[in-house]
Amino acid sequence: MEIINRRQRMSSVARKVRREEDKTIGLVPTMGALHEGHLSLVREARRMCDVVVVSVFVNPTQFGPNEDFQHYPRDLTKDTALLTELNVDYIFAPAMEEIYPKGFATYVKVEGISDQLEGASRPGHFRGVATVVTILFNIVRPDFAFFGQKDAQQTLIVKRLTRDLAFDTEIVILPTVREESGLALSSRNAYLDEDERRAATVLYRALRTAKEAYKNGERNSTRIADWVRSTVETEPRARLDYVSVTDADTLEKLEKLDDRPVLIALAVHVGKTRLIDNVVLNRAKQKEDVTVKTS
Ligand code: AMP
């Protein structure tokens with residue numbers, strides 16, 4: 001395993017792997033502070049690809065001015081130990097200037113699907129995501145890139161930019177990994193104290209209520225959203241930012257639900273921490289979320 005810090009070194013290693021060794025490359029982009037959610041992506045990359053690259057880069061352009069960029073958890077030593085165990089070939093952990101050289105001025109914006117949900121609450125967030133993903137794809141030129149359903153809107157944006165900008169990369173989406181409590185794993189869970197962690201289970205409880213209502217025949221999206229809202233309101237430490245009920249592929253708002261896949265997504269503040277989660281209803285070949293034991 002090699003840790004690469006320079007963009008040029010990463011490009012040339014990847015070029016050599018592709019050209020001289022004729023091997024496939026899998027890229028798992030992350031911001032580090034790795035947990036089982038990330039590791040599930042890495043395992044699948046390991047299974048599918050000859051060479052696995054995991055990028056660890058806390059991307060400043062996807063954080064708003066009042067967000068947690070400075071405080072975002074960073075622990076490259078621990079991340080390296082975890083990735084070594086999974087037989088990763090390369091960790092790409094670039095310094096800021098390697099991704100954003102002096103005078104950087106070019107951004108990628110995926111129109112339409114970037115503006116609602118997370119995009120509405122975090123203006124500029126997806127411009128940062130689309131830009132860094134484009135840069136990483138250009139450096140590594142992966143055959144496959146792996147993303148988590150936990151960030152549902154991000155998966156749509158990455159798929160769209162891959163198609164629109166003609167990247168020769170297949171996007172692989174993997175299910176959300178959860179604790180037994182239902183809480184989706186997230187690097188930001190590290191911000192939660194014990195009470196908040198318990199309170200944070202309300203996100204998944206709220207989504208389950210919505211799922212149950214749908215199963216019992218509810219097809220009115222406003223009423224489904226109301227189920228989510230009222231469940232979140234039962235938790236005094238939680239404050240709902242948004243809940244949305246949309247077409248899972250286009251993020252179009254739905255009034256009446258039919259047989260199309262439906263994304264129910266929400267963002268909730270628990271204390272000072274903002275968490276997101278989602279479920280998809282009606283997905284034909286949907287893989288179930290994964291639950292892991294946590295100590
Ligand atoms: P991040 O480090 O938060 O940027 O996440 C890196 C990748 O891991 C993204 O594709 C996320 O969607 C994915 N990811 C984060 N949390 C989870 C989770 N609980 N289950 C599955 N994938 C996840």
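Reply: A residue is counted as near a molecule if one of its heavy atoms lies within 4 Å of it. Here 17 residues surround the ligand, and the closest are Met31, His38, Asp151, Val177 and Leu185. This is a predicted model, in which local features need pLDDT of at least 70 and side-chain atom pairs count only at pLDDT 80 or more, while totals for chains, interfaces and linings use all residues. Residues are numbered from 1 along each chain as its sequence is written, and side-chain values use heavy atoms, with hydrogens and water left out.

Me: Which atom of Asp151 lies 2.6 Å from an oxygen atom of the ligand?

Reply: A polar contact is a pair of N or O atoms within 3.5 Å; within protein, one must be able to donate a hydrogen and the other to accept it, and residues adjacent in sequence count only if both atoms are side-chain atoms. For Asp151 the atom is a polar side-chain atom, whereas Met31 places a backbone N or O atom 2.9 Å from a ligand oxygen, and Leu185 has a backbone N or O atom 2.9 Å from a ligand nitrogen.

Me: What area is buried between domain 1 and domain 2?

Reply: The size of an interface is often given as the accessible area lost when the parts come together. Buried area is taken with a 1.4 Å probe and summed over both parts; between domain 1 (2–174) and domain 2 (179–290), bounds that come from an automatic or database domain assignment, it is about 1,900 Å², with carbon and sulfur atoms giving 54%.

Me: How many salt bridges are there between domain 1 and domain 2?

Reply: A salt bridge is a side-chain nitrogen of Lys or Arg within 4 Å of a carboxyl oxygen of Asp or Glu. The count between the two domains is 2.

Technical notes:
Buried area = accessible area lost by both parts, 1.4 Å probe.
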